[in-house]
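Have a look at the model first.

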Amino acid sequence: QFKASIGGKDVQTFRFLHYLPAATDYKCTTDNGMFSVEAKVSAPEAGSDGVEVEVEVVFEPDRIGDCAAKLTVFSEEGGEYICILRGHGAPPQPQGPYEVAGAYKIDFVNPFPEAKTFTVAVDNKAFTAPKSLDNVAPRSTVPINVSFAAGGGDTAGKLTVVCEGFPAWLYYLKGV
């Protein structure tokens, strides 16, 4: 079973035996956008015992809870292999602390299959960050530029990123 928090990923390998005495390409597909694979995998010629072929499967959840998908690996010559994939999406996990010396860039991933706007807040006035990440493209990474102005006060902070209807992403900060 695949397990990852929203915005994270889990990578596992599906293995199958190819028995043809000739090399061939297999087309690889999944029926759920949270699971991705390379479009094709090449199998070398096989001996009488077959040859093991690997397909890397990446799980990037966009919701909390359990999900399933069907992986299909197909070749006209080599046949069809089907595997049921199971995944579990967990709430975003707190990250950090990130040491901010003047300025720091935190990479944030929009894990959703559609563009979203995210609200950003910091709980310590010594840190500054943009107030929002507007219209972030699906499944893309954007930087959150955080700056720290030392003033003799508290050097710890928390950056929170919120998308309506989902748990918050928390990033702990440490000013240096």
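The largest cavity comes to about 40 Å³, counting as cavity a set of points on a 1 Å grid over the protein atoms alone where a 1.4 Å probe fits but cannot get out. Volume here is the space filled by probe spheres set on the points, which are joined across faces, edges and corners. This is a predicted model, with local features needing pLDDT of at least 70 and side-chain atom pairs pLDDT 80 or more, while totals for chains, interfaces and linings use all residues. Residues are numbered from 1 along each chain, and side-chain values use heavy atoms, leaving out hydrogens and water.

**Cavity**
- Searching the whole structure turns up 1 cavity of 30 Å³ or more.
- Its lining (residues with an atom within 4 Å of a point) is Gly7, Gly8, Glu60, Val109, Asn110, Pro111 and Arg139.

**Pocket**
- The largest pocket holds about 150 Å³; a pocket is an open set with protein on both sides within 12 Å along at least five of seven lines.
- Gly7, Gly8, Asp107, Phe108, Val109 and Trp169 are among its lining residues.
- β10 supplies the largest share of that lining, 3 residues (strands are DSSP E runs of at least two residues, numbered from the N terminus).

**Core**
- The largest nonpolar core has 22 residues, with Phe108, Phe118, Val161 and Trp169 making the most contacts inside it.
- Such a core joins buried (under 20% relative accessible area, 1.4 Å probe, protein chains only) Ala, Val, Leu, Ile, Met, Phe, Trp, Tyr and Cys residues through side-chain atoms within 4.5 Å.

How values were computed:
Helices (H or I, at least four residues) and strands (E, at least two) are DSSP runs, numbered from the N terminus. Buried means under 20% relative accessible area, exposed over 50%, partly exposed in between (1.4 Å probe, protein chains only).
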